[in-house]
Amino acid sequence: MKKLTKSFLVMILGLLMSVNVMADVQTGKTEPDYPTDYYMIVESKAGGIDIYSQPDLESTKLNDEQIPNGTALHIEGEVEDTENNRTWGYTEYHGMYGYAPLDECRPADSRKEAIDSELYIAGKDHVNYNADYDVNAYAEEGTQKLYQGPGKKYGEVPGVRDIENGETLHITQDAEMVDGSHWGVTRVDGTEGWVDLEKTEEWKAEHLDTVEESVDAVAEVSVTPTEAAKATETPAPTEAAEATETPTPTITEEADEAENTEKDSKEPEAENTDTKDSREASGQNVKVTASRWYQNPFTWIAVIAVLAVAGLLIYHNKKK
């Protein structure tokens, strides 16, 4: 009997462990086979590519819209898919890390080529190569970095101090990138690099004014009724209307009202009777539903479990 009980427990534990292992495999994260540090430019016949949570075309897509051709991707690791003869690149896009199929990308010969490609797809209307103005740095963190390109993916400029809040920066080139970010070229202690223009006092002030204008517009829409609305208010009764007042009820009308009153007093009783009948009917339905125990799936599971244990015990006793 003890051996039978132990065998039964081992079977249950093994089943639970296998379920947990399967769940881990499905939700597990694949790490790159080895780290890398280079740039690839998207060049797909479809006009763009997708980025996936795993190095598998059947895994979840992380992007809402395709990564357009010309976008530079910083490849920080690789995974070789020998089964499908494909190389996957581990990269970052819009703050999300995932895997992009590299067979639809071409390698960039340098960081400069990657930057030039992205400035090209941004378009001449969104890139100013002759900018000449000053901005004051402002970051919620108190400081910010100088980067080697218009984006954090290009890495920080080595050996350059952090930019402090309130520091004046002279911008000689600016660009609005395809992803909606805004960057500008400046110098810090004689070293050139790119700074995030959204982390400036001017950017904050400009967008604060836009928000205030939107609030004012909403407030104007929700003001009290205008004079035109007031003009449409219902006027007071005129003398003509007063002349058409309801005459005093006659004896016949009084009799009709008495009959209607008696009918009205009887109708609520009928309504109450109907309500009571409906409640009793609904209560009966509840009892009938509650009595259907065989519709509960847990009942069947319990019955099957009891039958299985009973069968094992009978089999074990016959064997003795």
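Begin by selecting Tyr90 and Tyr99: both residues are buried, where buried means under 20% relative accessible area, exposed over 50% and partly exposed in between (1.4 Å probe, protein chains only). The model is a predicted one, in which local features need pLDDT of at least 70 and side-chain atom pairs count only at pLDDT 80 or more, whereas totals for chains, interfaces and linings use all residues. Residues are numbered from 1 along each chain as its sequence is written, and side-chain values use heavy atoms, with hydrogens and water left out.

**The tyrosine rings**

Keep Tyr90 and Tyr99 selected and display their rings. The ring centres of Tyr90 and Tyr99 are 5.2 Å apart and the planes stand at 50°, so this pair is tilted. Rings of Phe, Tyr and Trp (its six-membered ring) pair if their centres lie within 6.5 Å; planes under 30 degrees apart count as stacked, over 60 as edge-to-face and the rest as tilted. In total, the structure holds 5 aromatic pairs.

**The whole chain**

Now show the entire chain as a cartoon. There are 7 helices and 15 strands in the protein chain; helices (H or I, at least four residues) and strands (E, at least two) are DSSP runs, numbered from the N terminus. The chain has 320 residues, of which 26% count as buried.

**The five-stranded sheet**

Next, select the open sheet of 5 strands in the order E6-E5-E4-E1-E7, where the pairing is antiparallel. Two strands pair if DSSP finds at least two bridges between them. Strand E6 (96–101) and strand E7 (105–107) are at the edges with a single partner strand each, so one side of each has no neighbour in the sheet. From one strand to the next, the twist averages 50°; axes are lines fitted to C-alpha atoms, for helices over the stretch in contact, and angles run from 0 to 180 degrees between N-to-C directions.

Focus on E1 and strand E4 (residues 72–81), which run antiparallel and are joined by 6 bridges. Met40 stands opposite Leu73 in E4, and Pro35 stands opposite Gly77 in E4. On E7, to which E1 is joined by 3 bridges, the bridge partner of Met40 is Pro107.

Centre the view on Leu73, which lies in strand E4 and is buried, with a relative accessible area of 0%. Setting aside residues up to four places away in sequence, Leu73 touches several residues, among them Tyr38, Val42, Ile49, Ile67 and Ala100; contact means heavy atoms within 4.5 Å. Between Leu73 and Pro107 the separation is 34 residues in sequence and 9.6 Å in space, C-alpha to C-alpha.

**The four-stranded sheet**

Move to the open sheet of 4 strands in the order E8-E13-E14-E15, also with antiparallel pairing. Its edge strands are E8 (127–128) and E15 (191–196), each pairing on one side only. Helix H2 (residues 111–122) packs on this sheet, touching E8, E13 and E15, and its direction makes about 65° with that of E13. E8 and strand E13 (residues 173–176) run antiparallel and are joined by 2 bridges; Val127 stands opposite Ala175 in E13.

**The nonpolar cores**

Show side chains for the largest nonpolar core, which has 16 residues; Ala114, Leu119, Tyr154 and Trp194 have the most contacts inside it. A nonpolar core is a set of buried Ala, Val, Leu, Ile, Met, Phe, Trp, Tyr and Cys residues joined through side-chain atoms within 4.5 Å. Strand E1 (34–42), H2 and strand E14 (182–188) each supply at least two residues of this core, and H2 gives the most to it, with 4 residues. Select Leu119 to see its contacts, including Val127, Tyr129, Ala175 and Trp194. A second, separate core of 12 residues includes Ala131, Leu146, Leu169 and Val188.

**A buried loop residue**

Finish at Thr200, in the loop between E15 and helix H3 (201–221). Thr200 is buried, with a relative accessible area of 2%. Beyond its neighbours within four places in sequence, Thr200 is in contact with Val135, Asn136, Ala137 and Tyr138.
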